[in-house]
Amino acid sequence: MPLGSHSRSHPPKCQHLKASRIFERLGIALSSSMAKQNLRQAIDFLYSRGLATSDSYTRHVLHCVRANDFVQAKRLQSHMQLHLFQPKDSFIHNQLLHLFAKCGKLSYARDLFDNMTHRDVYSWNALLSAYAKLGLVEDLCTVFDQMPVRDSVSYNTLIACFATNGHSGKALKILVRMQEDGFQLTQYSYVNALQACSMLLDLKLGKQIHGRVVISGCGDNTFVWNAITGVYAKCGDIHRARWFFDRMTHKNVVSWNLMISGYVKLGNHDECIRLFNKMKLLGLKPDQVTASIVINAYFQCGHVDDARKMFSEIPKKDEICWTTMIVGYAQNGREEDALMLFGDMLRRDVRPDSYTISSVVSSCAKLASLCHGQVVHGKVIVMGVDHSMLVSSALVDMYCKCGVTLDAWNIFGTMHFRNVITWNSMIHGYAQNGQPHEALALYERMLQENIKPDSISFVGVLSACINADMVAKGHEYFNSISEHGMTPTLDHYACMVTLIGRSSSVDKAVDLIKCMPNEPDYLIWSTLLSICAKKGDIKNAELAAGHLFKLDPHNAGPYIMLSNLYAACGRWEKVGDVRSLMNKNNAKKFAAYSLVEVGIEVHKFVSEDRNHPAVKQIYDELNKLISILQQIGYNPDTNIVLHNVGQEEKFKSISYHSEKLALAFALIRRPNGIAPIRIIKNIRVCNDCHMFMKFASVHIERTIILRDSNKFHHFSGGKCSCKDHW
């Protein structure tokens, strides 16, 4: 007959006493070793012997609680039910309730509570903590209201749950109710109330509670001191927070974390790192919270290698540490490192949250790496977080920035909830990928669904008007910005300068700049200079460049643009003047490059690149392609070479631009492919390369998607989605 069967006869009294003594001896062994293996063996032994005494059950329950072993506790409860054991008081069941609540086993806690014959305030508090641990605020309130008797623990549990689940205002109301019901505030009450003030950023109320702490005499407690320090630090009074921190006699890791994070929040990353180093010198071991805060500070300072070193020294990393590193890489232009680290995170069986995944998807978007983005999308579906609005919005943005608006639209259409960020991503995606009419139609639908546009929405809408040469419509949308309760920003004016200058006249664009309510910034003047360069307007180009030289004298871009314009007009003495000024101001050029994705690899090229392992094959392929394209009508535009050199030198100069090398490499690796070739260039594509790509799309009979610093260019059948406006 199986062990524990209901038909088992009870052992004789002498055998029962013998078993009881064995339990006691085994219990003593357990208290010294606290090993879960021994605890399991003890419960196994219990099942082999039948009914135990109340003392034995009590000891075993306490061992389960100390070992935090829910499995053996449940087995012990089943054994008591099997033998119809009913304790004389609530102690044993209260201990089980406490353990079930601590382990987040709400259904077991609720079932045990409902079947208890003896309940006291401890029983009710244990059930409260089960709901609180899972953040079930409404159910928690229901249980609290049903309690026949309450104590200060009951109120503190409710206050803590409210404070940690976004209901800080309610937490403070319960604090007042606790006093009105005649209960003395405890240290836990003050700690939770101060944390609620921190969440609300209500320093005034925090100071009032601080005053109550002083009067109550609870201020010597480290947890209370931490809460006081925290409320000042989180509310921006970092000097007062530091004053309390420096006077704490017993600082723990939490104390240091509060001050370190306070400095990070205010952007004082240097002081954050200094405080962290001081913490280590005092022999305090940082925890994962400290590590995440300091890693973030290193990234904010641009010290990427220091962040990586600290991350590598953390023995056991939680998801917050991993996420901090991934986000830091993504924000510091290290997108490939972010993707590699995400792979390591998954291999270590650390489950990423929605914020981590959205950061990884954003890295794929910045790299325009469709392959990696699709892999991450697959992971998202497997993990079941594809319905997260944060993740879905990031996926929409990623597919748009990879030039695949159809996939972006499919995700957009299946989203249960969308916010203005999601709508903006789709509108911008259409606008930047040569689908301006779809962008404007989507904006109108957004208004119909009562989604209030923000300033970013109008940048997308005005960009669509630029791409469609819709000057009148652009003015209409620009004027409607104020109708939506907003003031046009400099970004909106930059769009209008582009629209007017390109479609009407540069002088009218200058007039708009002069009428702006705010001082024009770098974006406005650089926009004007780009238009002047396209139209050959030297007068207004000199105006724009003069302002740019003052705003950022070390940026080489405006010098080069003005110099090229002078060279195109044959004014070589002016070219020399601009280059002398550029050298005088120590203006630095940044290297132009192109990225191309082939399979799961992303390859980088610069102009006339000779460092790639396949350099010979690349140049052979490119030279062959140039020859074929010349036969079907491609005529290299050597006019863009603004140096006083021979025609042959000019031809060589434009033949090996980075995007052409990237295209040649893609054709070598995928000669018979049908999928689009995707190239990213970090500056605007030149006239010759733009023409080259149009002819190449005819010859190879494949779409070429080139994303430059301004927009997407979808080359297909000899045409570009930008309609030759970029």
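A search of the whole structure, which is a predicted model, finds 4 cavities of 30 Å³ or more. The largest cavity has a volume of about 60 Å³. Its lining is formed by A431, Q432, G434, P436, N467, K711, F712, S721, C722 and K723. Sorted by class, the lining of the largest cavity holds 4 nonpolar, 4 polar and 2 charged residues.

Two or more lining residues are given by each of the helices α20 (335–347), α21 (354–367), α23 (389–401) and α25 (420–432), and by each of the strands β1 (593–598) and β3 (677–681). The largest share of this lining comes from α25, with 6 residues. By class, the lining of the second largest pocket consists of 13 charged, 10 polar and 8 nonpolar residues.

Two packed helices are described by the angle between their axes and the distance between the axes.

For helix α11 (residues 187–200) and helix α12 (residues 203–216), the axes come within 9 Å and cross at roughly 165 degrees. Angles over 145 degrees count as roughly antiparallel, and α11 and α12 are therefore roughly antiparallel to each other. The crossing of α11 past α12 is left-handed. On the α11 side, the contact is made by Y190, A193, L194 and C197, while α12 contributes L205, G206, I209, H210, R212, V213 and S216. The residues in the contact of α11 with α12 divide into 7 nonpolar, 3 polar and 1 charged.

Helix α23, which also gives residues to the lining of the second largest pocket, packs with helix α22 (residues 370–383): the two axes come within 11 Å and cross at roughly 160 degrees. That angle makes α22 roughly antiparallel to α23. The crossing of α22 past α23 is left-handed. Residues L370, G373, Q374, H377 and V380 in α22 meet V391, L395, M398 and Y399 in α23. The contact of α22 with α23 has 6 nonpolar and 3 polar residues, and no charged residues.

By class, the contact of α27 with α29 comprises 8 nonpolar, 4 polar and 2 charged residues.

Terms used: Residues numbered from 1 in each chain as written. Predicted model: local features only at pLDDT ≥ 70, side-chain atom pairs only at ≥ 80, totals over all residues. Heavy atoms only, no water. Helix = DSSP H or I, 4+ residues; strand = E, 2+ residues; numbered from the N terminus. Nonpolar A, V, L, I, M, F, W, Y, C, P; charged D, E, K, R; others polar. Axes fitted to C-alpha atoms, helices over the stretch in contact; angles between N-to-C directions. Parallel < 35°, antiparallel > 145°, perpendicular 65-115°, else oblique. Left-handed = near helix turned anticlockwise from the far one by under 90°. Contact = heavy atoms within 4.5 Å. 1 Å grid on protein atoms, 1.4 Å probe; cavity = no way out; pocket = protein on both sides within 12 Å on 5 of 7 lines; lining within 4 Å. Points joined across faces, edges and corners; volume = space filled by probe spheres on them.
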